[in-house]
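Colleague: I have not worked with this structure before. Could we go through it together, one region at a time?

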Amino acid sequence: MYAALKSIGAYVPKKVLTNQDFETMVETSDEWITKRTGIKERHIASENESTSDMGVEAAKIAIHRAGLKIDDIDMIVCATISPDYLCMPSTACMIAAKLGRVNVTAFDISAACTGFIYALAVAKAFIESGMKKNVLIIGAEKLSAIVDYSDRTTCVLFGDGAGAAVVGATRKKAEAITDIHISADGNYGDLLMTPGCGVKKPCSEQVLEEKLCTMKMKGNETFKIAVRTLTSDVVNILNDNEMKASDIKHFIPHQANYRIIKAVGDALKMKEEQVVLTVHKYGNTSSASIPMAMNDIWESGRLRQGDTMLLDAFGGGLTWGSALLPFAGKSFK
Ligand code: UT7
């Protein structure tokens, strides 16, 4: 039995924060943000909208597009760094309940921006082992809840949203996920972290005052390691599978920074039309960024059944990963 990616869906909250909006909030400019990141705007969830609410909306679309009903789903995996609740219950459990699915396997994955690729690997392993048939994987983030909007070095980067996919069992090798690499190096954990509100620094007046429950990033160091690591990782996955960059129809990288995407794309000699870009309109949505980007090209008709995709991501942990797979869902219209 093989595992295949059978559908994609996404949810984007309505409210938009533009670079011009940030000019009134912190000392920054549209010019700086555009030049250094490629971001022009990002979407922000409403006060009442939680990570699981956004995940549910994306999931409903993905299940429908896979031609399934919620009862056909036998496992729900949610990748997120902005869960509804700090420790429990998991966001996957909340999503399952809101979808009306009980007696189902449901759990979260904490692998930051690489979370969707980790979830894809977990789904593949469960399906290939014969333990599950239809796994719903979700990347959902309300990063606006863990951003310090007085810190210009991070607040301009992040946005909210969710993406979801159904990974299902198939006997057709041509539909199967080809390969996935997932890695981590915890020695670099301090480059990207939320230092407070875990057991190391439990929530206290001081933790709240110093905003230690928000994301802190050593951006420039992270940038350099990201470019180096992602480039070697995608080269390795292509070599391992005897493929060339020109065999890839859609290169769908994590959307953190246009300059990182460009550097990795150039190193692979990817053509502009192969590289999927959404960072300008969504910013960095962590685990949601790859499925949101995949959904964008599906809805615009660019992603067709059978197209070969190369995914890559890098994030807090540090974690990184890449995946090679055909799109096994139906084409749009
Ligand atoms: O998704 C998870 C993984 N995350 C990433 O991969 C993100 C990786 N890092 C990056 O994308 C980039 O490092 C950033 C976009 C975060 C920053 O760009 P940079 O070119 O590395 O800038 P920098 O941190 O070296 O800062 C350059 C200057 C500094 O001023 P001084 O010290 O040179 O006077 C910053 O204070 O830019 C300043 N700066 C800003 N200026 C205007 C930092 N943020 C801003 C801002 N507006 N928003």
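Modeller: Let us begin with a loop. Leu318 lies in the loop between β12 (308–315) and β13 (319–326). Helices (H or I, at least four residues) and strands (E, at least two) are DSSP runs, numbered from the N terminus. This is a predicted model, in which local features need pLDDT of at least 70 and side-chain atom pairs count only at pLDDT 80 or more, while totals for chains, interfaces and linings use all residues. Residues are numbered from 1 along each chain as its sequence is written, and side-chain values use heavy atoms, with hydrogens and water left out.

Colleague: Which form does the peptide bond from Gly317 to Leu318 take, cis or trans?

Modeller: That bond is cis, with omega near -15 degrees. A cis peptide bond also joins Met88 and Pro89, where omega is about -5 degrees. Pro89 is placed in the loop between β4 and α4. As background, most peptide bonds are trans.

Colleague: Let us turn to α4, then. Which residues of α4 are buried?

Modeller: Helix α4 covers residues 91–98, and Thr91, Ala92, Ile95 and Ala96 are buried there. Buried means under 20% relative accessible area, exposed over 50%, and partly exposed in between, with a 1.4 Å probe and protein chains only.

Colleague: Why do the buried residues of α4 line one face of the helix?

Modeller: Viewed down the axis of α4, the buried residues fall within an arc of 140 degrees, so they line one face. The arc is that of the directions from the helix axis to the C-beta atoms. In general, an α-helix has 3.6 residues a turn, so residues three or four places apart point the same way.

Colleague: What covers the buried residues of α4?

Modeller: The cover includes α3 (51–65), β4 (75–79), β5 (105–109) and β6 (134–142). Contact here means heavy atoms within 4.5 Å.

Colleague: At what angle do α3 and α4 pack?

Modeller: The angle is about 55 degrees, and the axes of α3 and α4 are 9 Å apart. Axes are lines fitted to C-alpha atoms, for helices over the stretch in contact, and angles run from 0 to 180 degrees between N-to-C directions. The two helices, α3 and α4, are therefore oblique to each other. Angles under 35 degrees count as roughly parallel, over 145 as roughly antiparallel, 65 to 115 as roughly perpendicular and the rest as oblique.

Colleague: And which residues of α3 and α4 meet?

Modeller: From α3, Thr51, Ser52, Asp53, Gly55 and Val56 meet Thr91, Met94, Ile95 and Lys98 of α4. By class, this contact of α3 with α4 has three nonpolar, four polar and two charged residues. Ala, Val, Leu, Ile, Met, Phe, Trp, Tyr, Cys and Pro count as nonpolar, Asp, Glu, Lys and Arg as charged, and the others, Gly among them, as polar.

Colleague: What follows α4 in the chain?

Modeller: Just after α4, Gly100 takes a positive phi of about 80 degrees. Asn103, in the loop between α4 and β5, has a phi near 50 degrees, a positive value in a residue other than glycine. In general, most residues other than glycine have a negative phi.

Colleague: Is Asn103 buried or exposed?

Modeller: Asn103 is exposed, with a relative accessible area of 77%. Cys197 also has a positive phi, near 80 degrees, but Cys197 counts as buried at 18% relative accessibility. Cys197 sits in the loop between β9 (192–193) and α7.

Colleague: On to another helix pair. How do α8 and α9 pack?

Modeller: Helix α8 (residues 219–240) and α9 pack at an angle of about 35 degrees, with their axes 9 Å apart. In this contact, Phe223, Ala226, Val227, Leu230, Thr231 and Val234 of α8 meet Arg259, Ile260, Ala263, Val264 and Ala267 of α9. The residues of the contact divide into nine nonpolar, one polar and one charged.

Colleague: Which residues of α9 are buried?

Modeller: They are Ile260, Ile261, Val264 and Gly265. Down the axis of α9, these buried residues fall within an arc of 125 degrees, so they line one face of the helix. The buried residues of α9 pack against α8, β11 (250–253) and β12.

Colleague: Last one: where is Thr278 found?

Modeller: Thr278 is in the loop between α9 (258–267) and α10 (279–282). At 3% relative accessibility, Thr278 counts as buried. Not counting residues up to four places away in sequence, Thr278 touches Gln255, Gly283, Ala293 and Asp296.
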